[in-house]
Structure formats: structure tokens, C-alpha cells
Amino acid sequence: MPRTALRICPLCEATCGLTLTIEGATVTGARGDRDDVFSRGFICPKGAAFGQIDADPDRLRTPLVRRDGRLQEATWEEAYDAIAAAVPGLVAEYGAQSVGVVLGNPNVHTMAGALYPPLLLKTLGTRNLFTASTLDQMPKHVSSGFLFGDPLAIPVPDLDRTDFLLLLGANPVESNGSLCTAPDFPGRLKALRARGGTLVVVDPRRTRTAALADRHLAPRPGSDALLLAALAHTLLAEKLAAPGTLEEHVEGLGELGAALGSFTPEAVAPACDLTADEIRSLARELAAAPTAAVYGRIGSCTVEHGTLASWLVDVLNVLTGNLDRPGGALFPLSATDRAPRPAGPGKGFTVGRWHSRVSGHAEAKSELPIAALAEEVETPGEGRIRTLIAIAANPVLSAPDGDRLDRALAGLDFMVSVDPYLNETSRHAHVVLPPPPPAQSAHFDFAFNAFAVRNQARYSPPAIPLEEGRMDECEIHARLILAVSGLHGTPPGAVDERIIADTLARAAADAHSPLHGTDPSEQAGRLTGRTGPERRLDMMLRLGPYELALDDLLEAPHGIDLGPLRPRLPEVLKTRSGRIELLPDPIAAELPRLRAALADRPAGLVLVGRRHLRSNNSWLHNVPALTGGSNRCTLQVHPQDAARLGLTDGGRARVAADGGSLEVPVEVTEAVRTGVVSLPHGWGHDRAGARLGVASATPGANVNQLLDGTRIDRLSGTAVLNAFPVELTPLP
């Protein structure tokens, strides 16, 4: 008989609740959970395809170990024996900095990816950490670090209460949102307009989000920071700035006007390809709205001045008095965040505490630019990366110049990949450790609850028992930590118990912890949970701000609603001053480069990426239900540009840029403005040795191969993946 089970969808940042239909050990259907406290039944095509994703025949079912140059199936014991025999010795011979760790986007979609990599990095002692953050969101972390002293203190728009929403470089109708966890983002935008609010979208493409807007502005790509600076300048020059009660928490407000003095609407308009009147009117509307929120995402982050654009988003929220205000942009409070403590100055935030070996790129949030990974592997000398551990990462497709990285990975002494697929990156590994399908894994959204538009907590136990021969993903990580640390053979539960003991000891010594002064061992004995990860979740909930425990979540399978976002200043501020530092020195030092951009006038075409609703980077292209239709790797070109260049709809063109050239099919459409072409990211499934049957049938082209990795946002190390110049040539 079929049965049902509840599951939080792990496929994007919306974290929707699903109701799975299960027959035996197979997921045969998925629909939205109407009783979910957060998503209320919403589901997108990715969630509806959960069963196909879970049962993908190309998913690896056993570890792979390289023998005689070929990856062959092996037992778990053989896989960890191989890691233990190689990695500690290589570290002993070449040092901790000879190891690199790459964390991909799916890490934040699993419990294991949230709980174990920090200890892995501490165990290895390496500073060579590369993550997907420097391909998308690092500018927001860096700007928040400078402003608030904490790179994880990211305010999100209060979608359900705002009167005016300004979106830049974001297409949440198709992406489902990013750094703004909001199930049914489209419905929330429609509700905003239904209650009389205003939606303004700034995007060079006529996206599905732009189609919902009251007004769509299509500026020149890469000009977001200039536009935002002109909006801030107008608010200050016309005395429309009204920080209100925020003013007592802000320093640098007086200096901001002079710093932005060059960015008048008239000066900025030609570079943005908008009119000065359009810019000035938008600033006035923003100031006049009863409540408003400015929100910028990947299109405004993955450009040359991404950190400045991210900074200016919150400058506008401050100047209009909408930061930390209902209806504006507020700081979520996750159930596993630490309990609130008295406000006061903190350690602050800085970048550049260390630098990459070859090009001297500055560290940001303990990470180096993933665009620098290839050179760190292939460049001889002390500290060259010889061992690489890649967890849920496919940088051959996601990072610039995948061909170079492909060659570099082939020269590693040893590589471990934790991945369910043999993909374009994991095919280079010496050991591949495959996690089980999502239905066989527990789930709690540690990362995304910290960016949610409503405070809530939900937990999903495994919907299906672990298949024989599989290993739980948390155990995979725990055993990996033990194998690289010389403790191979130690029971994996020891990893969780060590973390629990250390965390409770710190809590007992922390005067602001709810467990201050208690006996750590006694507190450990009170933890519930069938597994080490569940015990850790229980501990984090008990240490959190809502006095919850794991049993509370188990008794509320549809989740616990913890209420709307509420003001949290000055509690969240960890700057050295204890205030919002509105014009931090690194930002002020970067403004002259933005002023120089006022004279930029790209002579030719520039390229931007795009996201499809039925896709998520490179890791859902092997699912039949999510292929075809609009989810195609085509180069979108405006009809005027197509006519000028001799391109035809359905024809082919060569696209060339810094890193090389691609041959791609052309889609002539008015969805892009003139002077702009668009190619989606995550494609290029045509490399020998990968085992992705569906994806390889329609491989597409890897847009990041057009980049050589030299274009980065200097403050954050984020690769410039949008608004770079390209040349088009029609092909016969």
C-alpha cells in the first residue's frame, strides 16, 4: 500500500514542504504540503520531480576507488583505507597548505554539508578553502561584514509587509529566491501588488519577475552600483534621507554625501543607459513609500563592483529608515542561532588576513577566490595544492576557465570527491564517496533559516530507510574527518560526541548562554536524538533563542511558526564601534574605481547569465522531467542585434571572450535589451568520463569557459560572471 511522508525540499533556497507518496522504497509522487507552516502547499517543478531525482539511475550506489588509472567500484572500507593511506602522508610531507578544500552549492542544502566541513577544515589546518560563494554571494557577505561587523548578518526584505520593493539583478520567480528564503516568491510578489504596493525590477532582461512588476528598468549590465549610488546621492542632495531611529545606530552618515558627490543622476545616466529623470523619480518614490525594501542578488553581485552594489543596497535601506523595520529589510533569527546577548562592540570584520600563494588574492570570510583554484594546483613551488577534497562541488563547470581547471585536476597527487554523481569534476577523483538519495536523509535548513522572510523551524527525518550498502551522508563526512586526521578506524560517532562536548563546555563558560554554569556532561546526557547529527541539532536548538528542542520539531511535522521578523538592532551589530559603519574604509577606498566607471561605454555586446525554474546550476540537468521546454542552453539575442550581425533564430553563432569561444544555438527574443546577450550557466556536459546519461544527451555549452578568471570583484574575490564583453560571429 502507498504511504505518505513529509519532507523539506532540499533543491533550492525556498525550502518548501513536500508530501511524498512512497511505494515500498520508491518515491512515486510529490506534492506541496498544504499544512506546512512556511510554504503552505507551494511547489515548483523541481519539487514535483523529487521522485525522479531520488531514483536517478546514474546516482552512484557504491564508492569508487582509482586502481590502475581507472575508477572502479569498491567497498566503503576500501575507500576509507585509500584515503587514510594517502592524505595524512601527503600532509606530513608537503604541509597543511598543500591541501585544498572545495565546497559546492549543494552543501548548504544538506545537514551533513552544514555540520561537518568546519571540523574538516580545522583538522586539516589548511587556509586553501574555495566555495561557491565566490561565484555568487560573497559580495553580500563582505558588505554586511563591513556594515554590521558580521558577514552572516544579512537583512532580507520583509516581503509580506512591505509597500515598495526594488529588486536588482534578481529573478526570484524562476530562481525561487536567494539570500531571501521565501516559499512561493511569485505569490508574495503578487500579494504585494494586490495590497496596493509597488514592485520595481531592474534587470537587462525581461524576466518572468520583470513581467510582474509595476515598472521594469533595463539598464546596461554591470551598472547596478552606479545606479544605486545615484539613488543615494539623490536622497541626500534633495534632503529626502530620513533614517529616523536608525540614526542613533549609524556612524559615517555625515561623510556619505561627499563620498557620493560625483554620482549625480546626470553623471550616472549615460553609463547606466537610463535617463536622469528615471533615476531621480525612482529615488523619490523610494523615499515616499510608507515602507520599502531594496534587494539585490546575483546579477548585482557577480559583476566588477559587486561588493559596492551590495553595500549600496543597505545604504539605501538605512537612508530611507527601512533597515530593521517591519515592511523594510530585517535580520532573521534562526532557531539554531545563538541566544541573544547584550549589545556591544565586537571584533569587527576585515578581509585580506591572508592571501593566495600565486596571485596574492585576498582572503574573504576565510575563503579564497575559486577563480584562483587552477593556478594554485598547477603552479610549482612550496604550498602548491597537491591534495584536493571536493564536497558537492563541480567547479569544472561552475568556475571560470573549466578547461584549465580540468587539466590542473588531472595533475593532483590525490583527490577525494563527496558526490552522488561521476560528473565533470568528480571524474578526476581517486576516491568518490556517494551520499544516499535525499529521501533517505534527514533534513534541517541550518543555512536558509538564517535568511528566511519569516522565523520558523522544521525538521524532516528520513522518509525511507537507508538502503543496504548505502552510508548516511553525515557518517560519510565523519569518517572522512577521521581518515584524514590519522584516526581511521575510530567509531564515527566520536566526531559528533567531540563536537557536543566542546560546544557544551563553551556554553557552560559563556555568561550569556542559557546553559551557563551547568555541567556539560549532564547536559550532554539530556540530549535526545537517534543519531549524532540529531543530538547536535537538539543541542543547537536548546542553545538557541526560542527554548526549543528536537522533540518539539518531531511533534510538529509541518513545522513551528516562530513569528514575523522583528527589529534586532543593536543586538546584531559586531563592528568595533558597536554601530552601523556606513562608510567603512575599504569601501571608501574602492569608490574612485566606481567613479572611473562613469566613463565606461562598452562598444560591443556584453553577456549576462540566466536561471531556469527547472534548473539549479549544473546538478539537476540529469533529470528527465526537468529537461526540455524553456530549460535550454541558447544564446538569447535581441532582434535588432541579430539583424545587424546576421544571426537567425535557431541558427548558430560563435561567442568569443577572454577565456575562449563557444558555438551555441541562437534564440532571437525581445527578452533581452539591445547590446546584451544571455547564456545560462551550469551547462557543458560533454566531457569524457562523466556518467550523466540524460545531461550528456543535450550537453549545452559552458558559459564560464568564456572567462579566464582574471575578472573579479576586488573586495570579495567573486568572479565576474555577468556584464563582460563578447564578440559574436554567425556560423553557417
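Trainee: In this predicted model, what share of the contacts in the protein chain with a separation of 6 or more comes from residues 24 or more positions apart?
Mentor: Contact here means heavy atoms within 4.5 Å. Local features need pLDDT of at least 70, side-chain atom pairs count only at pLDDT 80 or more, and totals for chains, interfaces and linings use all residues. Residues are numbered from 1 along each chain as its sequence is written, and side-chain values use heavy atoms, with hydrogens and water left out. For residues 24 or more positions apart, the share is 74%.

Trainee: What percentage of the 732 residues of the protein chain count as buried?
Mentor: The term buried denotes under 20% relative accessible area (1.4 Å probe, protein chains only). By that criterion, the percentage for the protein chain is 61%.

Trainee: Which residues touch the most other members of the largest nonpolar core?
Mentor: A nonpolar core is a set of buried Ala, Val, Leu, Ile, Met, Phe, Trp, Tyr and Cys residues joined through side-chain atoms within 4.5 Å. The largest one has 65 residues. Those touching the most other members are Leu166, Leu226, Leu228, Leu231, Trp311 and Ile580.

Trainee: Which residues does Leu231 touch, not counting residues up to four places away in sequence?
Mentor: Leu231 belongs to the largest nonpolar core. With those sequence neighbours set aside, its partners are Leu166, Ile279, Leu282, Ala283 and Leu316.

Trainee: How far apart are the mean positions of the positive and negative charges of the protein chain?
Mentor: Lys and Arg count as positive and Asp and Glu as negative, without His and the chain ends; each charge is placed at NZ of Lys, CZ of Arg, CG of Asp or CD of Glu. For the 71 positive and 84 negative charges, the mean positions are apart by 2 Å.

Note on methods:
Buried < 20%, exposed > 50% of the residue type's maximum accessible area, 1.4 Å probe, protein only.
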